[in-house]
Amino acid sequence: MKYFTNNPLERQMMRPPTYRPKPDPVPPVPQSHPCYGCKRRNESASCVLPCYRGVERLPPR
């Protein structure tokens with residue numbers, strides 16, 4: 001393949017990206033933990049409180 005410039009960064013950009021291994025999965029939480037059964041548990045490395053599960057819904061107007 002012919003390059004447009006003599007810049008070495010152009011060749012580097014043409015290479016496919018290097019893939020990183022996936023991080024280890026988060027260990028499951030016990031049933032007594034507030035995040036047990038939460039679908040958002042695996043989105044971050046730790047539990048973030050206050051959680052949306054603890055917020056009360058507003059009554060309809």
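Colleague: Which side chain of opposite charge is nearest to the buried Glu 10, which has no salt bridge?

Modeller: This is a predicted model, where local features need pLDDT of at least 70, side-chain atom pairs count only at pLDDT 80 or more, and totals for chains, interfaces and linings use all residues. Residues are numbered from 1 along each chain as its sequence is written, and side-chain values use heavy atoms, leaving out hydrogens and water. A salt bridge needs a side-chain nitrogen of Lys or Arg within 4 Å of a carboxyl oxygen of Asp or Glu. Glu 10 has none, and the nearest side chain of opposite charge, 6.5 Å away, is Arg 11.

Colleague: Leaving aside neighbours within four places in sequence, which residues is Glu 10 in contact with?

Modeller: Glu 10 sits in helix H1, residues 8–14; a helix is a DSSP run of H or I, at least four residues. Contact means heavy atoms within 4.5 Å. By that rule the residues are Tyr 3, Phe 4 and Thr 5.

Colleague: Is Met 14 buried or exposed, or in between?

Modeller: Met 14 also has its place in helix H1. Buried means under 20% relative accessible area, exposed over 50%, and partly exposed in between (1.4 Å probe, protein chains only). Because its relative accessible area is 44%, Met 14 is partly exposed.

Colleague: What is the relative accessible area of Cys 38?

Modeller: Cys 38 lies in the segment after H1. Leaving aside neighbours within four places in sequence, Cys 38 is in contact with Tyr 52 and Arg 53. Cys 38 counts as buried because its relative accessible area is 12%.

Conventions. Helix = DSSP H or I, 4+ residues; strand = E, 2+ residues; numbered from the N terminus. Lys, Arg positive; Asp, Glu negative; His and termini not counted.
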